[in-house]
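Biologist: I would like to learn how to read a sheet, a salt bridge and a pocket from a model. Can we go through them in turn?

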Amino acid sequence: MSIKSGDVLRKIPVFASLEDKNLEAIRGITINRKMRKGTIIFMEGDQGEAFYFIKSGKVKIFKTTPDGRELIFTVLGEGDVFAEVTLFNDMNYPASAEILEDAEVGMIRNKDLEDLVSNNSEIALRMIKIFSKKLFSAQQKVKELALGDTYMRTAQMILKLAKEHGREIDGVIEVKLSLSRQELANMIGTARETVSRALSQFKKEGSIDISGKKIIVRDIEKLKGWIQ
């Protein structure tokens, strides 16, 4: 057993607390893939035959609206699981997934996992708990989109990205993502011009600074003030 491989699986929340024997069983059905930026993992409507977890890199989950606009649900990073909605269901992928930054991804075919958990209550219970939390998070996002104004949602998204992808340097938080202004707007669920106005306001008040595709959070309390 590779210690390095075991360490990677231990970082995946759904597998983190499993006993070694169960972790070894998961490892045995995992297919590892290295993918370049821009690679489409699956498209909305494709047959849902597997779920995935990220070992390194970033993945965006998105839908394309009838008028051709891209609506980004989330950007995922190391340790995140996605496409698990197709588990135990005969359904197609409800959204698309694309490599945002070069990544290494673990893939587990639904049939293989279903066979495994049918005889292993520990793995089954652990998965139910993790996926329930993800469902709650998705419900909260829908609520925020329905009730929050654009500035509040933009501030919330910057804080979320800072928490999940930021790093602290000299007292500020630097968020470096391969996201365009349009993609950020898609994540928030509004127009690019509206997000640009919000970012300009945050920059003017000293909450953030912008350098290329980097957002630098200079005053996190001011930014939090938009959502309180």
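Modeller: What follows takes a sheet, a salt bridge and a pocket in that order. Keep in mind that this is a predicted model.

Biologist: How do strands in a sheet hold together, and in which order do the four strands of the open sheet lie?

Modeller: Strands of a sheet pair through backbone hydrogen bonds, either parallel or antiparallel. Here the open sheet of four strands runs in the order S7-S8-S10-S9, and the pairing is antiparallel.

Biologist: Which are the edge strands?

Modeller: Strand S7 (166-169) and strand S9 (208-211), since each of them pairs on one side only. Neighbouring strands of this sheet are turned against each other by 25° on average, direction ignored.

Biologist: How many bridges join S7 and S8, and what lies between them?

Modeller: S7 and S8 pair in the antiparallel sense over four bridges. Ile169 stands opposite Val172 in S8. The two strands form a hairpin with two residues between them. Asp170, in the turn, has a positive phi of about 50°.

Biologist: And what about the pairs that involve S10?

Modeller: S8 and S10 are antiparallel over four bridges, with Lys176 opposite Lys214 in S10. S9 and S10 also pair in the antiparallel sense over four bridges, and there Ile208 faces Val217 in S10.

Biologist: Where do side chains point along a strand?

Modeller: In a regular strand the side chains alternate between the two faces of the sheet.

Biologist: Which strands does helix H5 lie across?

Modeller: Helix H5 (residues 150-165) lies across S7, strand S8 (172-176), S9 and S10. The helix runs at about 80° to S7.

Biologist: Next, salt bridges. How many are there?

Modeller: A side-chain nitrogen of Lys or Arg has to be within 4 Å of a carboxyl oxygen of Asp or Glu. By this rule there are 16 salt bridges. One example joins the side chains of Lys60 and Glu183, at 2.8 Å from N to O. Lys60 belongs to strand S3 (residues 50-64) and Glu183 to helix H6, so the pair ties together parts 123 residues apart in sequence.

Biologist: What lines the second largest pocket?

Modeller: Its lining has 13 residues, and Leu179, Ser180, Leu184, Lys213 and Ile215 lie nearest the centre of the pocket. Helix H6 (181-188) and strand S10 (214-217) are the elements that give two or more residues to this lining.

Biologist: How much space lies in the second largest pocket, and what kinds of residue form its lining?

Modeller: The space comes to about 180 Å³. The lining divides into eight nonpolar, two polar and three charged residues.

Notes
Residues numbered from 1 in each chain as written. Predicted model: local features only at pLDDT ≥ 70, side-chain atom pairs only at ≥ 80, totals over all residues. Heavy atoms only, no water. 1 Å grid on protein atoms, 1.4 Å probe; cavity = no way out; pocket = protein on both sides within 12 Å on 5 of 7 lines; lining within 4 Å. Points joined across faces, edges and corners; volume = space filled by probe spheres on them. Nonpolar A, V, L, I, M, F, W, Y, C, P; charged D, E, K, R; others polar. Pairing = 2+ DSSP bridges. Axes fitted to C-alpha atoms, helices over the stretch in contact; angles between N-to-C directions. Contact = heavy atoms within 4.5 Å.
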